[in-house]
Amino acid sequence: MANPKLQALWNHPAGPKTIHFWAPTFKWGLTIANILDSAKPPEKLSYPQQSALASTGLIWARYSAVITPKNWNLLSVSFAMSVTAMYQLSRKIQHDLSTKNQEVAIEEE
């Protein structure tokens with residue numbers, strides 16, 4: 001048959017024969033989209049959207065670390081999603097603070 005490592009992956013409780021493999025795999029699309037949003041101007045980013053992505057990423061990363069069997073695909077995608085969302089939130093916050101500081105400086109002149 002196949003290589004023993006591939007066969008072990010195929011027969012794993014969170015392997016490609018189950019939804020526990022495919023749901024996190026498709027979730028990578030959200031993470032990739034968030035990475036591509038790094039090219040967007042920060043004023044077009046959304047606080048609610050990025051907050052939701054960051055918090056659900058952290059929640060599901062924690063969950064995937066404590067369940068049996070371990071779902072490493074879910075852990076990695078959830079962690080990556082939370083990191084990219086926190087990065088986008090930091091970009092948005094920095095932009096909003098710099099815009100506010102510029103407005104205050106203009107008013108003081």
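A compact globule of 109 residues would have a radius of gyration near 13 Å, whereas the chain described here has 19 Å. The model is a predicted one, and the C-alpha trace of the chain spans about 75 × 25 × 15 Å along its principal axes. The secondary structure consists of four helices and zero strands, so that, because helices are numbered from the N terminus, the pattern read along the sequence is α-α-α-α. Buried residues account for 29% of the 109 residues in the chain, and the chain exposes about 7,500 Å², of which carbon and sulfur atoms supply 68%. Among the contacts in the chain with a separation of 6 or more, 71% are made by residues 24 or more positions apart.

### The largest pocket

Rolling a probe the size of a water molecule over the atoms shows where empty space is left. In this chain the largest pocket has a volume of about 220 Å³. Of the 13 residues that line the largest pocket, His20, Tyr63, Ile67, Asn71 and Leu74 are the closest to its centre. The elements that give two or more residues to this lining are α2 (19-36) and α3 (47-66), and the largest share, four residues, comes from α2.

| Residue | Relative accessible area | Class |
|---|---|---|
| Lys17 | 52% | exposed |
| Tyr47 | 32% | partly exposed |
| Ala65 | 30% | partly exposed |
| Gln88 | 1% | buried |

Lys17 has its place in the loop between α1 (4-11) and α2. Lys17 counts as exposed because its relative accessibility is 52%, and exposed means over 50%. When neighbours within four places in sequence are left aside, Lys17 is in contact with Trp10 and Asn11. Lys17 and Gly29, which are twelve residues apart in sequence, are 20 Å apart in space from C-alpha to C-alpha.

Tyr47 is found in helix α3, where its relative accessible area of 32% makes this residue partly exposed. Not counting residues up to four places away in sequence, Tyr47 touches Leu89, Lys92, Ile93 and Asp96.

Apart from neighbours within four places in sequence, the residues in contact with Ala65 are Lys70 and Leu75. Ala65 and Leu6 are 59 residues apart in sequence, and their C-alpha atoms are 23 Å apart in space.

Gln88 belongs to helix α4 (residues 72-108). Gln88 counts as buried because its relative accessibility is 1%, and buried means under 20%. With residues up to four places away in sequence not counted, Gln88 touches Asn34, Asp37, Ser38, Leu45 and Gln50.

Most residues other than glycine have a negative phi, and most peptide bonds are trans. The peptide bond from Thr68 to Pro69, however, is cis, with omega near 0°. Pro69 lies in the loop between α3 and α4, and α3, for its part, is one of the elements that give two or more residues to the lining of the largest pocket.

Terms used:
Residues are numbered from 1 along each chain as its sequence is written. This is a predicted model: local features need pLDDT of at least 70, side-chain atom pairs count only at pLDDT 80 or more; totals for chains, interfaces and linings use all residues. Side-chain values use heavy atoms; hydrogens and water are left out. On a 1 Å grid over the protein atoms alone, a cavity is a set of points where a 1.4 Å probe fits but cannot get out, and a pocket is an open set with protein on both sides within 12 Å along at least five of seven lines; lining residues have an atom within 4 Å of a point. Grid points are joined across faces, edges and corners, and a volume is the space filled by probe spheres set on the points. The radius of gyration is taken over C-alpha atoms; the globule rule is 2.2 Å times the number of residues to the power 0.38. Buried means under 20% relative accessible area, exposed over 50%, partly exposed in between (1.4 Å probe, protein chains only). Contact means heavy atoms within 4.5 Å. Accessible areas come from the Shrake-Rupley method with a 1.4 Å probe; for residues, only the protein chains shown count as cover.
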